[in-house]
Amino acid sequence: MNGKGSALMVDLIISLDGYASAEGWPGWWGMEAPEYLAWLGEEEKKGYTFLMGANTYRVMSGMSEQAAAEDSGFSDTEGAALRGLAAVPKVVFSASLEAPLSWPNSKLVRADAVETVREMKRNGVGPLSTLGSISLSRSLLTAGLVDRFRLVVFPVITGITGRERIYDGYPDVLLEMVDSRTFDGRLQLLEYVPTVLRS
């Protein structure tokens, strides 16, 4: 993004058929392989402020807390990535959560998410990225605030068990690819500059 403002990235993981999660499958569909986890660790060093809604906050803060415990069940790399999220700044948009939030470096915002993020971008607070948060991501994209739209596509079809359809309710969007790579020979990263055509 040019100029003074902050760039905003929507960052999602997705099954091939467009779901964010699936019932009965482990996190990351059980495919949290070394190259991908190492890349996540590098991404955490880029100084993002993460934006999320209440549901994502509850899930991710719980996983981060679990990863900090002994015998957490997470691999060393996976646990380190989850524990690292405690140290980064997070803005949580919610009318249901109560302050103060227990996850370190988390700020609760009750104001309108679109207007708040527009102001954050204008003030140049640094790079912004969503963390999960499908409905928040959709709202920010529809409002024309998203500078990059990034997916990591997992090679699974979860037609029966799939939950949280990502693209329902999206506007029409033109995507210009600016980056792609493959992790561990099976996960595909796709990064685009989005242009909203009709909302």
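1. Start with helix H5, which covers residues 134-142. Helices here are DSSP runs (H or I, at least four residues), strands are E runs of at least two, and both are numbered from the N terminus. In H5, the buried residues are Ile-134, Leu-136, Ser-137, Leu-140 and Leu-141. "Buried" means under 20% relative accessible area (over 50% is exposed, in between is partly exposed; 1.4 Å probe, protein chains only). Look down the axis of H5 and its buried residues fall within an arc of 165 degrees, so they line one face of the helix. That arc is taken from the directions that run from the helix axis to the C-beta atoms. After H5 comes Gly-144, with a positive phi near 75 degrees.

2. A quick word on what you're looking at: this is a predicted model, where local features need pLDDT of at least 70 and side-chain atom pairs count only at pLDDT 80 or more, while totals for chains, interfaces and linings use all residues. Residues are numbered from 1 along each chain as its sequence is written, and side-chain values use heavy atoms, leaving out hydrogens and water.

3. Now the rings: there are 10 aromatic pairs in the structure. Rings of Phe, Tyr and Trp (its six-membered ring) pair if their centres lie within 6.5 Å; planes under 30 degrees apart are stacked, over 60 edge-to-face, and the rest tilted. Take Trp-28 and Tyr-36: their ring centres are 6.1 Å apart and their planes stand at 90 degrees, so this pair is edge-to-face. Trp-28 is buried at 16% relative accessible area, and Tyr-36 is buried too, at 2%.

4. What kind of pair do Trp-29 and Phe-154 make? A tilted one, with 5.1 Å from centre to centre and 45 degrees between the planes. This pair links distant parts of the chain, 125 residues apart: Trp-29 is in the loop between strand S2 (19-22) and helix H1 (34-43), and Phe-154 is in strand S7 (residues 148-154). Trp-29 is buried at 5% relative accessibility, and Phe-154 at 0%.

5. Zoom out and you'll find one aromatic cluster formed by Trp-28, Trp-29, Tyr-36, Trp-39, Phe-154 and Phe-183.

6. Which ring does the charged end of Lys-90 sit over? That of Trp-103, 4.6 Å from the ring centre. To count, NZ of Lys or CZ of Arg must be within 6 Å of the ring centre and within 35 degrees of the ring normal.

7. Last, check Glu-43 in helix H1. Glu-43 is buried, at 8% relative accessible area. Leaving aside neighbours within four places in sequence, Glu-43 is in contact (heavy atoms within 4.5 Å) with Tyr-48 and Arg-150.
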